[in-house]
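Here is a short report on one structure.

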Amino acid sequence: MGLSYVYGSRLLVLLTVLIGAAVQTYCVESLGIFSYVTAWLVVGGMGYYWWRRPDVVGSYVLAAGLLWQVGLLIIVLHAKITWFFVPAMAIYTAGDWQLNRLGGRALQVPPLVAAYLFMFGLAVFGEADAYANVLRPPLLPYLGALAAVLALSVAGKRARGSLATLPEWLLLLPGFYLSGGLSLAVATLVVLYAHAGSVLARANRDHDPEQLTIGAVLFVAATAVAYFKLTWGFMDKSLFFLIGGILLLALSWYLRRRNAQVLAAAAPAVAQQTGTPPIPANDSETAEPIHNL
């Protein structure tokens, strides 16, 4: 950690986070304890380093390393696994307050991926209600802690002008407090569709091709889960896969076509802002042949 500060090397930063994860894993697996010293060295030392020198790759690695530390702490404390998302979203909130938007956004990706996978798992397996004992912490303490982190996140988003990303918190709705069955399945599917819709809406507004692709993938994934839930029990399996494949291909084609239209419509505006003349749709129709000039 000290050498990371002295030399400012990305490789040393990555090694420090990885060494911290390895040490903590050994402590938990072999000794049955959680090393708070190791955790604070990673959180405090590398966290402060990241705050002063935000780097996209370093942000990904640091967030993943911190999530690993949190997961091991949950194991040692034998806590409900949903407590994982309180410190995970605290990591996300740190990204809201980072002045460097690329570094802050990169720090938020691993917590969001973890929250999405959890919600996706609830949508697929939550009907059985077999995980109630490991998912439902005491209601008021859990919601109070999550609400406190949410308030800090909203304040950071307002300060940095990124309130448009607030719908990402939809993935943290505590639907696992609902009883298993139809209510939980419907609630999680609604959340997945709302989250995918918010990503697509923001990408269309900002003309962001990367976010358009991510939103399309999330929408297709939610549709696949809904289709599986509605048809698996009664439809012939060959027909299930045939119709499902056609549905997903058609939906993917439509979303790609829609994305292309949005980006094409945004091209003149971008060209006007940058001072670059737009490229004609068909050069043969707008330009004279060279030999006539």
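## The second largest cavity

In this predicted model, the lining of the second largest cavity is made up of eight nonpolar residues, with no polar and no charged ones. Those residues are Phe85, Ala115, Phe118, Tyr142, Leu171, Leu172, Leu173 and Phe176. The volume of this cavity is about 40 Å³. The structure has two cavities of 30 Å³ or more.

Phe85 is one of the lining residues. Beyond its neighbours within four places in sequence, Phe85 contacts Ala114, Ala115, Phe118, Tyr142, Leu146 and Leu172.

## The largest nonpolar core

Phe85 and Leu172 are also among the residues with the most contacts inside the largest nonpolar core. Helices α2, α3, α4, α5, α6, α8, α9 and α10 each give it at least two residues. Helix α6 supplies the largest share, nine residues.

## Asp96 in helix α5

Helix α5 spans residues 85–97 and includes Asp96. Is Asp96 buried or exposed? Asp96 is buried, because its relative accessibility is 0%, and the cut-off for buried is under 20%.

Two polar contacts involve the Asp96 side chain. One joins it to the side chain of Gln108 at 2.7 Å. The other reaches the side chain of Ser153 at 2.6 Å. Setting aside residues up to four places away in sequence, Asp96 touches Arg101, Gln108, Ser153, Gly156, Lys157 and Arg160.

How values were computed:
Residues are numbered from 1 along each chain as its sequence is written. This is a predicted model: local features need pLDDT of at least 70, side-chain atom pairs count only at pLDDT 80 or more; totals for chains, interfaces and linings use all residues. Side-chain values use heavy atoms; hydrogens and water are left out. Helices (H or I, at least four residues) and strands (E, at least two) are DSSP runs, numbered from the N terminus. Buried means under 20% relative accessible area, exposed over 50%, partly exposed in between (1.4 Å probe, protein chains only). A polar contact is a pair of N or O atoms within 3.5 Å; within protein, one must be able to donate a hydrogen and the other to accept it, and residues adjacent in sequence count only if both atoms are side-chain atoms. Contact means heavy atoms within 4.5 Å. A nonpolar core is a set of buried Ala, Val, Leu, Ile, Met, Phe, Trp, Tyr and Cys residues joined through side-chain atoms within 4.5 Å. On a 1 Å grid over the protein atoms alone, a cavity is a set of points where a 1.4 Å probe fits but cannot get out, and a pocket is an open set with protein on both sides within 12 Å along at least five of seven lines; lining residues have an atom within 4 Å of a point. Grid points are joined across faces, edges and corners, and a volume is the space filled by probe spheres set on the points. Ala, Val, Leu, Ile, Met, Phe, Trp, Tyr, Cys and Pro count as nonpolar, Asp, Glu, Lys and Arg as charged, and the others, Gly among them, as polar.
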